[in-house]
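Please work through the exercises below with the sequence and the structure in view, and try each task yourself before you read its solution.

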Amino acid sequence: MSDTRLSVFKTYKLFVGGKFPRSESGRVYEVTDSKGRWLANAPQSSRKDARDAVVAARKAFGGWSGATAYNRGQVLYRVAEMLQGRREQFVREVGEAEGLSKSKAAVIVDAAIDRWVWYAGWTDKIAQIVGGANPVAGPYFNLSSPEPTGVVAVLAPQDSSFLGLVSVLAPVIATGNTAVVVTSESAPLPALSLGEVLATSDVPGGVVNLLSGRTAEIAAPLAAHQDVNAIDLAGADGVLAKELEIAAADNLKRVRRPQAVDWAAEPGTERLTAFLETKTVWHPAGAGGSAGSAY
Amino acid sequence: MTTMPTKFEYAPAPESRAVVDIAPSYGLFIDGEFTEAADGRVFKTVSPSSEEVLSEIAQAGEADVDRAVRAARKAFASWSALPGAERAKYLFRIARIIQERSRELAVLETLDNGKPIRETRDADLPLVAAHFFYYAGWADKLGHAGYGPDPRPLGVAGQVIPWNFPLLMLAWKIAPALATGNTVVLKPAETTPLSALFFADVCRQAGLPKGVVNILTGYGDAGAALVAHPDVNKVAFTGSTAVGKAIARSIAGTDKKVTLELGGKGANIVFDDAPVDQAVEGIVNGIFFNQGQVCCAGSRLLLQESVADEVLDALKRRLSTLRVGDPMDKNTDVGAINSAEQLARITALADSGEAEGAERWSPACELPSSGYWFAPTLFTGVTQAHRIAREEIFGPVLSVLTFRTPAEAVEKANNSQYGLSAGIWTEKGSRILSVANQLRAGVVWANTFNKFDPTSPFGGYKESGFGREGGRHGLEAYLDV
Amino acid sequence: MPITVPAHSPEAAARLASLSDATASDSALRRFLHGLPGVDAVGLEGRAASLGTRSIKTTAKAYAIDLAISMIDLTTLEGADTPGKVRALCAKGVHPDPLDRTTPRVAAICVYPDMVKVAKEALGTSGVRVASVATAFPAGRAALPVKLADVADAVAAGADEVDMVIDRGAFLAGHYLKVYDEIRAVRAACARPDGTSAHLKVIFETGELSTYDNIRRASWLGMLAGADFIKTSTGKVAVNATPPNTLILLEAVRDFRATVGVQVGVKPAGGIRTTKDAIKFLVLVNETVGEDWLSNEWFRFGASSLLNDLLMQRQKLSTGRYSGPDYVTVD
């Protein structure tokens, strides 16, 4: 093996419907590291890419939300397994993307792997802590259960290109939602590489869709899209976030506003419950009367 | 043009034994190592379907119990101090390795227990892995479980499990105990020690720190010594009600917490509007799954009198397709009884049924000449006054009683010192919920039976024990709350 | 007096008459059908899945493969069917494996009515029957006289069997007696001048009936009206024969024979592509109704591509080698 061997550059693609297409617009933009050196060209998604991603996410929703919680947990754990196997690759990519030393990048990647494990363990428990029987004042069985809301648009954090990304994506899909993710504008590469991991983790196509490009450009059609049920504005700054929230009101999307987050801290359950609907079912039950129960 | 109807006979379809390698002998697993018993005693474990000796196993005595508890205590400090996320990852590793070795462990369990490979392969092993997966996920989320912001473990858990679902009962005990930060000493039943010993090997492959899990193979005396050991903080027992009561007495006045999962005499209630074909499957599953050696078996069939004949005809017809035989054959439905002792108990109780005037029926079946076998059996004309309606038989024997109204069904179902499980078969939703409301049983299955899931709490009322295993509720037993 | 008679025998009519109260009016028929035991879908599907785990190997597999081949109604129901295509299919049905003459013949060739004559000529005295779809198959949406003319045409052309479709719209709208009367009219139209009758299979289109309760009710309705066979589906819709919906039909014929003393056949059709699938169905038959139904007089597979998979599996059993598409013929 010669020292002067030329490496093969990776062409970064979007991840939509389980496949790796280029942007339909044919555009790319330059991605640089923290010192301004060129890293790669990334697809510059258009609103049509966003539209196609929503179609893919909607198509995948029935199967993913209908899978057992156990099955979803297995899939999320598999993502952690695959990511663990590619630890070195991601340590390098995160280091380059965020200008971090190898050891600092390693801390982030390890935390991201552990975050997938954390969420893998939530799939079959969240219903037990947010749902339950309600003791109504009448002869009725009454049960509240959480259900996933549907297709969730997620604006990944701009600065935390990997740990932040995983922290906003995993809770959305853990409960059965499907996601259209707008990656960090300046640091999209770790996210696009995550697509490779998802593709080999038995994640059904369309459950996660990754779009790189100009955040404002693709977030706008997503926030206005009538077939998107919720939007996480983590990657939007104050001005943009307000515009998007206004657009989202047209079909009353569930909106999660941006806030400062320590991505290293334990996430709590708020990101899980933000994208759940509560369904309450009643049925006559009766305590069984005295002289021969009515039933 | 027509071909004559012919019999469709299933050729032998044996699962291969080659997937599992059973050593001629095994030691106790204490502090990460396999060792002989301190006094060198051993016992043999046999395959109940053939009486073949499978292996020679170390028999734990008091000294071994003491050493194991001390190892568990030593390991407890660092194990409980580990961040939950790290404990979780050990348990996830264990779950994954169990999945990988599922076939091997299923064959092993079938050989040692006598139950059909189809059950170990399709029921036991998937549930074993699922329990470890489920509780792995709780290890770093205990603050969200409804027990306060930082619930602490108890310490060393002494766990004694029965022979009917050896590896599954081990999973029910060890998974929540470890997830919550406890360390364990577990004693499997003397007739089914092997899967626990293989589990010890799984722990080693997963890199589990020494002393966190200790396996003491042996007899009831080792179990009693474990329960009585002063440095055990938590006792968990699944087994007979009689032994459960003895344990409750022996730990009285101590600080030890205890959970007991004991016997049952489950009532499977079939109403006149039941979906008949599915109800018949539910009845069959309820009493012949695992050869009826199940604490929550639907061992009393309560049939609404107006449909009794019709359902019984359908049931008898269905029983004639049950395949009894070599548990290693993939088409076997009903395997061997676990031991000569258990066979004797079943036989004696079944004989009492005849003696007390109930009518006995079995489908025609050819039982193998060696091994411990009991044909699926039905008793009709049973009343609550019969021994076979009252006492747990723990075998493939169904007692059939009738009732006239839902109120009478509930009354008869509850008329028992036990309260573990019940079944309700009806197409009417409000009847399901109303009857379920009134049944004094910890698990009620409506239009189904013998369904288990790691997320679903399991346990009994009354003399079927107390405490729940599975679900968020299952954490409580292992936390200092 | 025999305990059971086949549905196509003259004695059957008298036995069916014993239930004539149930068919006296639309409301009587509704009460009867809605009074049948309900079906729990999860339990039913669980039972079918459990029987699907039976391990059928070696001699049992060889038996099942040959039995399955002999039960096939080899089918072509395409707009593009031509006499050439039908003749090729008939040749294949008579000699499915050119390299192995021990291979059983199929039970029948199933075609549209205007291909019956071609098929009859091509099959000659081989013993393979001609089944014809009729009654404006597959949708069944035409006036009754048109549907009956369709039947008469097929019978006159020489069809041994007629596969009719019920009016699903009428069924779902609750007009049970209309469905019943139509089946009876079709049955009458199956009669030949010499006093014999083409055997009648009644297709429910289980995918459109949608619920298992509906499938059970349709089964009883079809049998009360004199079906010789009850059949799941046309094979022309998204969901055709499945183990659970076929299990319902098997339970129905079992209960019908026990109640009325008349034996009716069962035919799942469409979506059965592999040997593995076919064996699952045979296990269902074996463990639900037993050996009395294990022949092509009482059980058929409506299939086309299934045959080649059965042949490849047969070749594997006899040669020990996995086979390939080059070793089975295209029809």
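The exercises that follow concern a predicted model, and they treat chain contacts, a helix pair and a sheet.

**Exercise 1. Describe the side of chain B that touches chain C, by its elements and by its residue classes.**

Solution. Begin with the contact as a whole, to which chain B gives 26 residues and chain C gives 31 residues. Next, look for elements that supply two or more residues to the side belonging to chain B, and you find α4 (117–138) and α9 (276–288) of chain B. Of the residues on this side, the largest share comes from α9(B), with five residues. Finally, sort this side of chain B by class, which gives nine nonpolar, nine polar and eight charged residues.

**Exercise 2. How are helices α3 and α12 of chain C oriented to each other, and which residues make their contact?**

Solution. Two packed helices are described by the angle and the distance between their axes. For α3 (residues 41–51) and α12 (residues 243–260) of chain C, the axes come within 9 Å and cross at roughly 100°. Angles of 65 to 115 degrees count as roughly perpendicular, and α3(C) and α12(C) are therefore roughly perpendicular to each other. On α3(C) the contact is made by Leu44(C), Glu45(C), Arg47(C) and Ala48(C), and on α12(C) by Pro243(C), Pro244(C) and Leu247(C). By class, this contact has five nonpolar, no polar and two charged residues.

**Exercise 3. Which strands stand at the edges of the seven-stranded open sheet of chain B, and why is one side of each left without a neighbour?**

Solution. Write down the order of the strands, β13-β14-β15-β12-β11-β16-β17 in chain B, and note that the pairing is mixed. At the edges stand β13 (359–361) and β17 (443–446) of chain B, and because each has a single partner strand, one side of each is left without a neighbour in the sheet. On average, neighbouring strands of this sheet are turned by 20° against each other, if direction is ignored. Now examine one pair, in which β16 (residues 421–425) of chain B and β17(B) run in the parallel sense over four bridges. Opposite Ala422(B) stands Val444(B), which lies in β17(B).

Definitions and conventions: Residues are numbered from 1 along each chain as its sequence is written. Chains are lettered from A and ligands numbered from 1 in the order in which they are written. This is a predicted model: local features need pLDDT of at least 70, side-chain atom pairs count only at pLDDT 80 or more; totals for chains, interfaces and linings use all residues. Two residues are in contact if their C-beta atoms, placed from the backbone, lie within 7 Å. Ala, Val, Leu, Ile, Met, Phe, Trp, Tyr, Cys and Pro count as nonpolar, Asp, Glu, Lys and Arg as charged, and the others, Gly among them, as polar. Axes are lines fitted to C-alpha atoms, for helices over the stretch in contact, and angles run from 0 to 180 degrees between N-to-C directions. Angles under 35 degrees count as roughly parallel, over 145 as roughly antiparallel, 65 to 115 as roughly perpendicular and the rest as oblique. Two strands pair if DSSP finds at least two bridges between them.
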